[in-house]
Amino acid sequence: MSSPAVTYFEDVEVGSRHETPAMTVTQAHVNMYAGVTGDHAPEAGLAPPLFALCLSTGLGWRIARPPLVVIAFMGIDWKIERPLRVGDTVRSRSQTMVKRSMREAGVVVEEHQIVDQGGDVLQHGRFTFLVAKKEALT
Amino acid sequence: MRLARPQFQMTGPPRRYFEEIEVGETYESPGRTVTETDIVLFAGVSGDYNVIHTDAEFMKTSIFGERIAHGLLGLSIQSGLLTRWMTPYASLGVAGLRWKFKNPIKIGDTIRVRAEVTGKKETSADQGVVTLARTVVNQRDEVVQEGETDVIVERRRE
């Protein structure tokens, strides 16, 4: 039985960029998100700011590429520049900025942007992940 | 005939303006038990179906031994928990956050958030930014997440 393809720390390339397909944010998304989390929009017609951040990882899974073998999501440094409105169509862009080898795994830092239909960056910042090494498994 | 004076005034819920918020104020939220359902629904809403959150068999072999909640689910839940318990700010949104995921949130864990106002800055004639340091703890009082959020708050109009 073959395992699905994944990306270990050794194969992460600094500088590689990805852009996801876009998704139109509807009132249904906002309602479901608010219902699950209890986090609400500051006013009608807007999405809760953290919802856009949550989409950044979800949209990333729609790119056909072997996913990183993430051991732990370590942190986020995030800026919110413009509100996300119901009806906006957003995509996520990411770029690998840094990789740093540790003893049994490695740290990978990615820059992420949430971009709307007009090309404006609504939110952006850095995600830090702890990623598994191939050699640690053997 | 004399009309009775209205006994109440129609106003919105109380909201606190930038000027009314003091550095050093602290808040603590109620607890919330994170369930399997929360994780399944969050995977659906966010689109994040990472095996860490969705594959129970695979996760038996991991260092966690079971599925864990999305870090961003924990971040979103603490945001909701805190606003449920405090008099809301006259908030226009969030300007940014710096956040660390320290420990996993597992199915059945009960989390709450403690927060303290650590900074205030006027950014324009009609708004300012209030910085909140937040600590999310589980039922054993272990820190699962912590960080700072910059909240944009309206200034009181003279």
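Trainee: In chain A, what share of contacts between residues at least 6 apart in sequence join residues at least 24 apart?
Mentor: That share is 70%, where contact means heavy atoms within 4.5 Å. Keep in mind that this is a predicted model: local features need pLDDT of at least 70, side-chain atom pairs count only at pLDDT 80 or more, and totals for chains, interfaces and linings use all residues. Residues are numbered from 1 along each chain as its sequence is written, chains are lettered from A and ligands numbered from 1 in the order written, and side-chain values use heavy atoms, leaving out hydrogens and water.

Trainee: OK, what is the secondary structure of chain A?
Mentor: Chain A has two helices and six strands, taken as DSSP runs numbered from the N terminus (helices: H or I, at least four residues; strands: E, at least two). Along the sequence the pattern is β-β-α-α-β-β-β-β.

Trainee: Why is helix α2 of chain A described as largely enclosed?
Mentor: Because 11 of its 12 residues, in the run 49-60, are buried. Buried means under 20% relative accessible area, exposed over 50%, and partly exposed in between, with a 1.4 Å probe and protein chains only. Among the buried ones are A:Pro49, A:Phe51 and A:Cys54.

Trainee: And how much of chain A overall is buried?
Mentor: Of its 138 residues, 44%.

Trainee: Switching to chain B, where does B:Asp141 lie?
Mentor: In the loop between β5 (127-137) and β6 (143-154) of chain B.

Trainee: Is B:Asp141 buried or partly exposed?
Mentor: B:Asp141 counts as partly exposed, because its relative accessibility is 47%.
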